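Please read the following report alongside the sequence and the structure.

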Amino acid sequence: MKTTTISNLAVMKANGEKFAVITAYDFTFSKLIENAGIEVVLVGDSLGNVIQGCDSTIPVTIDDMAYHTAAVKRGNNRALLITDMPFMSYATEMQALDNAAILMQAGAQMVKLEGGAWLADTVHLLSERGIPVCGHVGLTPQSVHKLGGYKVQGKEDQAAEQMIADAQALEQAGAELIVVECVPSALGKQLSDALAIPVVGIGAGPDTDAQVLVLHDMLGISQRLPRFSKNFLGDEVSIQEAITAYGNAVRSGTFPAPEHCFK
């Protein structure tokens with residue numbers, strides 16, 4: 001397997017080739033993910049839920065993210081490594097720059113921020129200074145209390161149009177990937193068609209350029225399996241084979257299936 005770069009992913013989108021993304025939080029699983037040929041690994045602030053036992057991602061700190069990024073980096077030499085910037089670590093532009101630097105020095109090759117057009121200046125600042133940025137629109141877990149829970153976003157025409165405009169603003173500011181979470185499948189396709197950069201879906205239908213799942217969800221060991229996920233370990237005899245099967249299903253377009261999508 002060759003090393004994945006941002007440029008590789010852009011070429012894959014242009015060629016209509018899908019790629020797989022999965023979360024990791026430690027060395028051992030990072031190595032399994034690399035062995036499976038997964039293109040992108042995300043050190044997600046979902047570690048608050050699946051590692052720390054919190055009821056949301058909000059308690060996760062920048063030190064937590066740096067610690068887990070360093071561990072994942074030790075197990076990964078080929079996949080592109082993205083790290084979430086946690087709650088309130090990018091409230092101001094300079095705060096974002098300082099905290100992104102911490103994560104990049106820990107081993108991240110890109111940082112991910114949740115939010116829309118209001119983040120454009122921050123994205124521009126980071127990108128201009130050599131820090132690649134992944135945006136995140138739709139359901140943004142750090143805003144769960146503002147959103148009133150983990151609900152499908154963009155179901156109304158006005159909300160969908162605003163989400164597309166937000167994603168385009170992030171792209172124009174310099175974002176090189178966009179994650180879209182928990183939206184109707186039709187909107188996932190609209191976003192992918194509207195952006196030149198790759199769109200990574202999670203609960204966003206089969207037509208995005210890539211898919212991402214939380215590791216513990218796709219292994220079926222989370223306390224509650226989200227509708228948009230699948231237990232890939234259920235059909236395999238080992239964790240290694242389950243992760244490989246996930247990557248193959250994403251690339252072939254067999255995942256997500258209709259039962260994993262929102263209308």
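## Packing of H4 and H5

In this predicted model, helices H4 and H5 run roughly parallel to each other, because angles under 35 degrees count as roughly parallel and the angle at which H4 (residues 62–74) and H5 (residues 93–106) pack is about 20°. Their axes lie 8 Å apart, and the crossing of H4 and H5 is right-handed.

On the H4 side, the contact is formed by Ile62, Met65, Ala66, Thr69, Ala70 and Lys73, which meet Asn99, Ile102, Leu103 and Ala106 of H5. Sorted by class, the contact of H4 with H5 comprises seven nonpolar residues, two polar residues and one charged residue.

## Packing of H5 and H6

H5 also packs with helix H6 (residues 120–128), the two axes coming within 9 Å and crossing at roughly 40°, so that H5 and H6 are oblique to each other. The crossing of H5 and H6 is right-handed, and H5 contributes Glu93, Met94, Ala96, Leu97 and Ala100 to the contact, while H6 contributes Asp121, Thr122, Leu125 and Leu126. By class, six nonpolar, one polar and two charged residues make up the contact of H5 with H6.

Val60 is found in the loop between helix H3 (47–50) and H4, and with a relative accessible area of 3% Val60 is buried. Leaving aside residues up to four places away in sequence, Val60 touches Asp45, Leu47, Gly48, Gln52, Met65, Pro86 and Phe87; one of these, Met65, also belongs to the H4 residues that meet H5. Val60 and Ser46, 14 residues apart in sequence, are 8.6 Å apart in space, C-alpha to C-alpha.

Technical notes
Residues numbered from 1 in each chain as written. Predicted model: local features only at pLDDT ≥ 70, side-chain atom pairs only at ≥ 80, totals over all residues. Heavy atoms only, no water. Axes fitted to C-alpha atoms, helices over the stretch in contact; angles between N-to-C directions. Helix = DSSP H or I, 4+ residues; strand = E, 2+ residues; numbered from the N terminus. Parallel < 35°, antiparallel > 145°, perpendicular 65-115°, else oblique. Left-handed = near helix turned anticlockwise from the far one by under 90°. Contact = heavy atoms within 4.5 Å. Nonpolar A, V, L, I, M, F, W, Y, C, P; charged D, E, K, R; others polar. Buried < 20%, exposed > 50% of the residue type's maximum accessible area, 1.4 Å probe, protein only.
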